[in-house]
Amino acid sequence: MIQKYESMIIIDPKLPQEEAKAENEKFVEFMKSENGEIIETNFMGRKRLAFEIEKKTEGYYFVNYFNFENQKINVIDRYYKLSEHIFRHNILRIED
């Protein structure tokens, strides 16, 4: 069954901003290849983290809204975990 999701990712601040945007675009293309539908992407910029994570105090924040098959959501989680530049992520199902 197709569900609506929101996912926030934090990308390594060592990358230039354009490369961070390209990294998020890779995720968008991955979603499309898995028959997902991107509704909206919000780039929130480079922000300070609430606490240090993996010796990082800042990161590039992106929020993606998408429709995806709920049986396959673990594919997205795996993609995030395998990405070398995404160091934090979450995936939330949005109730209609």
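In soluble globular proteins, nonpolar side chains tend to be buried together.

Residues are numbered from 1 along each chain as its sequence is written, and side-chain values use heavy atoms, with hydrogens and water left out. Because the model is predicted, local features need pLDDT of at least 70 and side-chain atom pairs count only at pLDDT 80 or more, while totals for chains, interfaces and linings use all residues.

Strands (E, at least two residues) and helices (H or I, at least four) are DSSP runs numbered from the N terminus, and two strands pair if DSSP finds at least two bridges between them. Strand 1 and strand 3 are joined in the antiparallel sense over 10 bridges.

Isoleucine 11 belongs to strand 1 (residues 2–11) and stands opposite tyrosine 60 in strand 3. Its relative accessibility is 0%, so isoleucine 11 counts as buried; buried means under 20% relative accessible area, exposed over 50% and partly exposed in between (1.4 Å probe, protein chains only). Contact means heavy atoms within 4.5 Å. Leaving aside residues up to four places away in sequence, isoleucine 11 touches several residues, including Ala20, Phe62 and Ile86. The C-alpha atoms of isoleucine 11 and isoleucine 86 are separated by 4.5 Å, although the two residues lie 75 apart along the chain.

Helix 2 (residues 73–82) has Ile76, Tyr79 and Tyr80 buried. Seen down the helix axis, the buried residues fall within an arc of 95 degrees, taken from the directions from the axis to the C-beta atoms, so they line one face of helix 2. The face turned away from this buried side carries the exposed residues Asn74, Arg78, Lys81 and Leu82. The buried residues of helix 2 pack against strand 1, helix 1 (17–33), strand 3 (56–69) and strand 4 (86–94).
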